[in-house]
Amino acid sequence: MSALFHFDALLLVILLLICTCAYVRQAVPGMVDSRKDKNIFFGMFWKFARIGERLSPYVSLCCIVMAVVTFVS
């Protein structure tokens with residue numbers, strides 16, 4: 001089954017995408033920033049990176065909660 005059909009799996013994929021984009025933007029800022037206006041695909045990565053930067057405590061808390069939920073179930 002695809003991760004898009006299960007709500008908890010979809011949330012996990014979105015959280016991992018936010019964390020990955022924020023890390024890539026921190027490591028190589030020019031790669032994400034220079035392409036944000038050229039393509040919708042890279043623009044989404046830039047938006048995910050901004051969410052990861054600005055809501056970092058909440059994103060990390062959600063990652064911990066999802067890890068516990070995944071481990072328990």
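Which residues does tryptophan 46 touch, not counting residues up to four places away in sequence? Tryptophan 46 touches Arg25, Val32, Asp33 and Lys36, where contact means heavy atoms within 4.5 Å. The model is predicted, so local features need pLDDT of at least 70 and side-chain atom pairs count only at pLDDT 80 or more, while totals for chains, interfaces and linings use all residues. Residues are numbered from 1 along each chain as its sequence is written, and side-chain values use heavy atoms, with hydrogens and water left out.

**Helix H3**

- Helices are DSSP runs of H or I with at least four residues, numbered from the N terminus.
- Helix H3 comprises 15 residues (residues 40-54), which at 1.5 Å a residue should span 21 Å; its end C-alpha atoms are 21 Å apart, in agreement with that value. The expected span is 1.5 Å times one less than the number of residues.
- Gly43, Phe48, Ala49 and Gly52 of H3 are buried; buried means under 20% relative accessible area, exposed over 50%, and partly exposed in between (1.4 Å probe, protein chains only).
- The cover over the buried residues of H3 includes helix H1 (7-27) and helix H4 (56-72).

- Tryptophan 46 lies in helix H3 and is partly exposed, because its relative accessible area is 21%.
- The C-alpha atoms of tryptophan 46 and cysteine 21 are 7.2 Å apart in space, and the two residues are 25 residues apart in sequence.
- Arginine 25, in helix H1, has a relative accessible area of 16% and is therefore buried.
- Leaving aside neighbours within four places in sequence, arginine 25 is in contact with Val32, Asp33, Trp46, Ala49, Arg50 and Glu53.

**Nonpolar core**

- Seven residues make up the largest nonpolar core: Leu15, Ile18, Cys21, Phe48, Ala49, Val59 and Met66. Such a core is a set of buried Ala, Val, Leu, Ile, Met, Phe, Trp, Tyr and Cys residues joined through side-chain atoms within 4.5 Å.
- H1, H3 and H4 are the elements that give two or more residues to this core, and H1 provides the largest share, three residues.
- Isoleucine 18 touches Phe48, Ile51, Gly52 and Val59, not counting residues up to four places away in sequence.

**Nonpolar surface patch**

- A nonpolar patch on the surface is formed by Ile64, Val68, Phe71 and Val72, with about 470 Å² of accessible area together (Shrake-Rupley method, 1.4 Å probe).
- Patch residues have over 30% relative accessible area and no salt bridge, and nonpolar side chains are joined within 5 Å; a salt bridge is a side-chain nitrogen of Lys or Arg within 4 Å of a carboxyl oxygen of Asp or Glu.
- Phenylalanine 71 is located in helix H4 and counts as exposed because its relative accessibility is 74%.

Methods
Patch = residues over 30% accessible without salt bridge, like charges linked within 9 Å, V, L, I, M, F, W, Y side chains within 5 Å.
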